[in-house]
Amino acid sequence: MPAWVVVLIIAVVLMACGIAQGDMVDVWRKASLICYECIGIG
């Protein structure tokens, strides 16, 4: 099995764990605040 397949599988598993714990909302909120600050709205 190529190394990139292993890395892809690990990445998908870790993203699924983060979503299951509810971390996606926190990351989305922080990302949107940073974007608003970059364009001068926030």
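First, the ground rules. This is a predicted model, so local features need pLDDT of at least 70 and side-chain atom pairs count only at pLDDT 80 or more, while totals for chains, interfaces and linings use all residues. Residues are numbered from 1 along each chain as its sequence is written, and side-chain values use heavy atoms, with hydrogens and water left out.

Now the overall picture. The protein has two helices and zero strands. Helices here are DSSP runs of H or I, at least four residues; strands are runs of E, at least two; numbering starts at the N terminus. The C-alpha atoms fill a box of roughly 45 × 20 × 5 Å along the principal axes. Of the 42 residues, 5% count as buried. Buried means under 20% relative accessible area, exposed means over 50%, and partly exposed is in between, with a 1.4 Å probe and protein chains only. The protein exposes about 3,900 Å², and carbon and sulfur atoms supply 76% of that. Areas come from the Shrake-Rupley method with a 1.4 Å probe; for residues, only the protein chains shown count as cover.

Helix H1 next. Its 18 residues should span 26 Å at 1.5 Å a residue, and the end C-alpha atoms are 26 Å apart, which agrees. The expected span is 1.5 Å times one less than the number of residues. After H1 comes Gly22, with a positive phi near 85 degrees.

Ile10 is in H1, residues 3-20. At 46% relative accessibility, Ile10 is partly exposed.

The structure holds one salt bridge. That means a side-chain nitrogen of Lys or Arg within 4 Å of a carboxyl oxygen of Asp or Glu. Arg29 and Asp26 make the contact, at 3.4 Å, N to O. Arg29 is partly exposed at 47%, and Asp26 is partly exposed at 37%.

Last, the ends. Ile41 lies in the segment after H2 and is exposed, at 63%. Its C-alpha is 45 Å from that of Pro2, 39 residues away along the chain.
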